Amino acid sequence: MQLENKKPVSYILLGYMGSGKSTVGQVLASLTSLPFIDLDDYIEAQESMSISQIIAQKGIIYFRKQELLYLKSVLKRRESIVLSLGGGTPCYYNNMELINEKPESRSIYLRANVPFLTQRLFEERQTRPLIAGIDNRDELAEFIGKHLLERSAFYNQAHNVVEIENKTPQAIALEILDLA
């Protein structure tokens, strides 16, 4: 199903890891026929190494500086896009300001609660560098809760908030389109 947009709109998806930013972004891009960019994938392609390797070899400060540089580069595009951000992207420098000032864009916080995110992330934690060393569900829940508390002030600056729990990526994407 293809949907027509009346005017060009970019959709910028943000939220905690495991909230489905990339999956929902791909569905949304398909529905709108807009190009999809995953900022983490974009950074990895530009740097020719994974985010984990960048952080291990060059440090977190280098990574966050490069993330800002690449975010600015992607936001300067004239065409409308669907952009999924890394979980921490909105929380550094003036990134939320840059995100929200892109003309004709909508920033959307894909929000979920701690138990939902813990359930979703526990099985895939080995593929997530930030939580790879956490082997206990309670410790993971505590880690996620602490991070969400720290990050919520940034996430809640999004133009819109969409609750994602118990919804398919398709349903979430359609809900986002109804916001515009």
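Author: A residue is called buried under 20% relative accessible area, exposed over 50%, and partly exposed in between (1.4 Å probe, protein chains only). Tyr109 and Tyr155 are both buried. The model is predicted: local features need pLDDT of at least 70, side-chain atom pairs count only at pLDDT 80 or more, and totals for chains, interfaces and linings use all residues. Residues are numbered from 1 along each chain as its sequence is written, and side-chain values use heavy atoms, with hydrogens and water left out.

Rings of Phe, Tyr and Trp (its six-membered ring) pair if their centres lie within 6.5 Å; planes under 30 degrees apart count as stacked, over 60 as edge-to-face and the rest as tilted. Two aromatic pairs are found in a search of the whole structure. In one, the ring centres of Tyr42 and Tyr70 are 5.9 Å apart and the planes stand at 80 degrees, so this pair is edge-to-face. Tyr42 belongs to helix H2 (residues 39–47) and Tyr70 to helix H4 (residues 60–75), 28 residues apart; helices (H or I, at least four residues) and strands (E, at least two) are DSSP runs numbered from the N terminus. Both Tyr42 and Tyr70 are buried.

For Tyr109 and Tyr155, the centres are 5.0 Å apart with planes at 45 degrees, so the pair is tilted. Because Tyr109 lies in strand E4 (residues 105–111) and Tyr155 in helix H7 (residues 137–155), the pair ties together parts 46 residues apart in sequence.

Asn156, in the loop between H7 and strand E5 (160–163), counts as partly exposed at 40% relative accessibility.
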